[in-house]
Amino acid sequence: MTFQQLKYAIGVAEHRSFNEAAKNLNVSQPSLSASVKDLEREMGVTIFSRTARGVTVTADGAEFLGYARQVLEQTDLLEEKYRGSHPRKKAFSVSTQHYAFAVNAFVQVVRERGEDEYEFTLRETRTHEIIEDVRSLRSEIGVLYLSAFNEKVLNRLFREYALGFTALFTAKPHIFVSASHPLAKKRKVKLEDLAPYPCLSFEQGEHNSFYFSEEILSTLYKPKSVTVSDRATLFNLLIGINGYTISTGVLTEDLNGKAIVAVPLDIAEEITVGCVTRKGAPLSAIGERYVEALSSYLPKKGRSHASSANHS
């Protein structure tokens, strides 16, 4: 086993393709493929499942690559300290539902890198894509929510894909509205209060199942509805058309200012937000730091402590 083989395997996982990894690593595709096969044979583990549809990381492969990343990180530290070598670019990726606190935590981690070279990726994306990104190791961490309505379906996917879910906090549903909205000053809002106003939600593409909706009560009939694809557009429409959306109630003025407010929704439901990771694959140092930063932006009351433990 060589460090180069580990780098090749990680590259294939990140690009989900031997061809794309070879281009990025400036090596021929046959050489890269042969090197990875030699690594699998030597270590006695099948890292990748190769099909006509592409390359996916196996459950054993995810665990192996998690340790491989740690080995390369420690090697980089040794070389920087004792050989004065140029540090390798730090890579880190997160896929998340449209949460401002997930962006805040990402910003904090980026700022902490100082002048270091890095290659970070933040994907605000659809629920199914988050699960697929973590499954394929395209992202190290996914951030999404579970509720009584969707947890059975999502937990089944987690088990099928060898993923774990670690709860960060549980919240009562709130509506997000503009500060000038007629409902903005109410202590609590009932479902019947929402009927006159447009309901805003995030589109989920081809996997447009109620179970993948980012908003609870996805099966509830809404007289007026608007679907959007990004958070900035949704927030503009909250103000522009007096719309509302249903979420956790966690807002940060750093990114949202004071134009949007959260009002509790008077229903007996809960939302549990947490991190999705590959089972058996340890988080990188940057991944651990991101989870810590994420926790610092979450509500104090009722917050469950984030840990590296995985729960299905």
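Which residues in α2 meet which residues in α3? I looked that up before anything else, bearing in mind that the model is predicted. On the α2 side I noted F18, N19, A21, A22 and L25. Their counterparts in α3 are Q29, L32, S33 and V36.

Next, the geometry of that pair. Helix α2 covers residues 18-25 and helix α3 covers residues 29-43. I get an angle of about 110 degrees, with the axes 9 Å apart. Angles of 65 to 115 degrees count as roughly perpendicular, so that is how I wrote down α2 against α3. By class, the contact of α2 with α3 has six nonpolar and three polar residues, and no charged ones.

**Entry: α1 on α3**

I then checked helix α1, residues 3-15, against α3. Here too I read an angle of about 110 degrees and axes 9 Å apart. I therefore logged α1 and α3 as roughly perpendicular to each other. From α1, the contact takes in Q5, L6, Y8, A9 and V12. From α3, I listed L32, S35, V36, D38, L39 and E42. Sorting the residues of this contact gave me seven nonpolar, two polar and two charged. Going back over my lists, I see L32 and V36 of α3 written down for the contact with α2 and again for the one with α1.

**Entry: a sheet**

What order do the three strands of the open sheet take? I read β10-β7-β11, with antiparallel pairing. β10 (245-247) and β11 (260-264) stand at the edges with a single partner strand each, so one side of each has no neighbour in the sheet. Neighbouring strands here are turned by 40 degrees against each other on average, ignoring direction.

At H174, I found S247 of β10 standing opposite.

Which helix lies across these strands? It is α9, residues 231-240, which lies across β7, β10 and β11. I put its direction at about 70 degrees to β7.

**Entry: whole protein**

Last, the overall numbers. I count 11 helices and 12 strands in the protein. Of the 312 residues, 49% are buried. The accessible surface comes to about 15600 Å², and carbon and sulfur atoms account for 49% of that area. For contacts between residues at least 6 apart in sequence, I noted that 76% join residues at least 24 apart.

Technical notes
Residues numbered from 1 in each chain as written. Predicted model: local features only at pLDDT ≥ 70, side-chain atom pairs only at ≥ 80, totals over all residues. Heavy atoms only, no water. Helix = DSSP H or I, 4+ residues; strand = E, 2+ residues; numbered from the N terminus. Buried < 20%, exposed > 50% of the residue type's maximum accessible area, 1.4 Å probe, protein only. Contact = heavy atoms within 4.5 Å. Areas by Shrake-Rupley, 256 points an atom, 1.4 Å probe, with all protein chains shown as cover. Axes fitted to C-alpha atoms, helices over the stretch in contact; angles between N-to-C directions. Parallel < 35°, antiparallel > 145°, perpendicular 65-115°, else oblique. Nonpolar A, V, L, I, M, F, W, Y, C, P; charged D, E, K, R; others polar. Pairing = 2+ DSSP bridges.
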